[in-house]
Amino acid sequence: MAKAKTKFVCQDCGYETPKWLGKCPGCEAWNTLVEEVETKVVTQGILPVGGMVQEKAISITEIAGALDPRIRTDNRELDRVLGGGIVPGSLILVGGDPGIGKSTLLLQTSHKLTIGGRKALYISGEESARQTKLRADRLGALSPELYVLCETNLERIDEAIDRVSPEFVVIDSIQTVYHPAVTSAPGSVSQVRECTSHFMRIAKTKGIAIVLVGHVTKEGAIAGPRLLEHMVDCVLYFEGERHHTYRLLRAVKNRFGSTNEIGIFEMREEGLAEIANPSELFLSQRPKGVSGSTVVASMEGTRPMLVELQALVTPTTFPSPRRMSTGFDYNRLSLIMAVLEKRNGLFLQSQDAYLNVAGGVRLDEPAVDLGVAVSLASSFKDRQTRQDDVVFGEIGLTGEVRAVSRIEQRVREAEKLGFKRVILPAASLKGWTPPEGIVVKGVNTVAEALAAALDE
């Protein structure tokens with residue numbers, strides 16, 4: 001009998017080598033190579049939804065368009081992130097820290113789909129049927145069209161999908177499912193790759209929307225090979241602190257929509273609740289009469305959102321001052337501080353600087369720059385900003401304030417929440433009439449913005 005061939009596979013990146021190494025040459029991680037038996041698995045080709053094999057290439061104009069509308073989940077935040085709803089036949093990957101609420105979100109979504117007359121199948125590889133029922137009782141997710149299966153064998157899962165014929169399937173989680181023809185352990189690179197390929201074929205051939213729950217590493221990335229994220233149609237990250245009630249759902253890949261949208265939820269005893277007005281939520285605990293606090297108008301996809309920035313500038317006791325940022329890019333913070341020092345005469349070389357975005361949101365767009373500069377200057381000079389001011393604009397290296405997009409939506413959001421004045425780039429005022437009831441102050445430089453915001 002021939003000896004079985006083995007190989008060593010990195011469990012982080014999928015790098016393969018015939019011998020064991022302490023450090024993976026692919027991702028440079030230590031002690032991640034695991035010995036696996038080489039197994040040849042015959043992978044069937046992906047068939048089109050009609051089930052007929054295309055034997056030759058055809059013109060794109062001759063291909064029938066997709067007539068199936070998106071599946072609305074009755075969850076506005078989830079539909080927003082997905083681009084308007086779930087696309088039939090799509091494969092979605094959801095990742096997040098343990099205990100963050102992934103299973104709760106998907107069980108609630110499955111229940112809402114069954115209320116709309118659709119059939120859903122929830123497959124759990126980590127909980128028993130009784131444990132899933134306890135969770136469903138707490139969430140009120142009880143419906144005769146919601147089926148639950150506790151199974152990790154891929155062949156039995158395939159049989160259950162054929163028997164139930166659902167329109168929506170949840171696999172919780174992909175790391176627990178194993179293919180009997182693959183000899184490696186569940187959760188290994190080979191198992192995850194082969195099981196995901198199998199679910200992708202099911203989704204494409206039968207038109208079933210399948211959601212895979214993925215574990216994450218300590219660095220926050222989805223565990224397993226990067227190929228996993230390339231194979232699926234949509235990758236969602238469920239973020240938030242376990243000790244805080246707010247959760248953010250963010251898309252990092254979406255073949256059917258934008259990756260700039262975020263969904264905001266609040267974890268309650270009865271499950272996840274949508275946050276209809278996140279701006280009001282993030283500003284509800286804003287302090288009064290203190291320096292270093294500024295409200296900025298940021299765009300998250302198509303949604304304008306007002307968020308509070310808090311800055312603390314204090315003299316340092318070390319030769320090298322400390323810079324720390326939460327929710328904002330550290331390099332961008334250093335750039336803005338350099339502009340304030342060079343162009344506006346603020347001596348920040350001997351100051352520690354700390355910046356925090358209240359509410360746990362991460363702001364990435366350049367329009368937040370001016371709000372960061374105003375917060376830093378307010379804390380440095382110990383002069384408070386006006387409570388009814390909103391500031392936004394991009395800062396250039398020469399100290400100019402550059403125009404940004406979506407001016408009308410930002411100003412309307414500020415007016416809706418009761419703010420009286422908006423400080424924005426003067427170049428953005430061209431070809432646009434500000435609404436009545438709110439003062440719009442256009443500035444060309446950072447110096448003008450600081451003078452207006454700090455009443456100098």
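The model is predicted. The chain holds 11 helices and 21 strands. Of its 456 residues, 49% are buried.

**Overall make-up**
- Along the principal axes, the C-alpha atoms fill a box of roughly 85 × 55 × 50 Å.
- Among contacts in the chain with a separation of 6 or more, 67% join residues 24 or more positions apart.

**Helix 9 and helix 11**
- Helix 9 spans residues 369-381, and helix 11 spans residues 446-453.
- The two helices pack with their axes 10 Å apart, at an angle of about 55°.
- Helix 9 and helix 11 are therefore oblique to each other.
- Their crossing is right-handed.
- Helix 9 brings Leu370, Ala373, Val374 and Ala377 to the contact. Helix 11 meets them with Val446, Ala449, Leu450 and Ala453.
- The residues of this contact comprise 8 nonpolar, no polar and no charged.

**Helix 10**
- Helix 10 runs over residues 407-416.
- Its buried residues are Ile407, Arg410, Val411, Glu413 and Ala414.
- These residues lie on the same side of helix 10, because they cover an arc of only 160° around the axis.
- The cover over the buried residues of helix 10 includes helix 7 (278-282).
- Strands also contribute to that cover, including strand 13 (293-300), strand 14 (303-315), strand 17 (389-391) and strand 20 (421-425).

Terms used:
Residues are numbered from 1 along each chain as its sequence is written. This is a predicted model: local features need pLDDT of at least 70, side-chain atom pairs count only at pLDDT 80 or more; totals for chains, interfaces and linings use all residues. Side-chain values use heavy atoms; hydrogens and water are left out. Axes are lines fitted to C-alpha atoms, for helices over the stretch in contact, and angles run from 0 to 180 degrees between N-to-C directions. Helices (H or I, at least four residues) and strands (E, at least two) are DSSP runs, numbered from the N terminus. Angles under 35 degrees count as roughly parallel, over 145 as roughly antiparallel, 65 to 115 as roughly perpendicular and the rest as oblique. A crossing is left-handed if the near helix is turned anticlockwise from the far one by less than a right angle, and right-handed if clockwise. Contact means heavy atoms within 4.5 Å. Ala, Val, Leu, Ile, Met, Phe, Trp, Tyr, Cys and Pro count as nonpolar, Asp, Glu, Lys and Arg as charged, and the others, Gly among them, as polar. Buried means under 20% relative accessible area, exposed over 50%, partly exposed in between (1.4 Å probe, protein chains only). The arc is that of the directions from the helix axis to the C-beta atoms.
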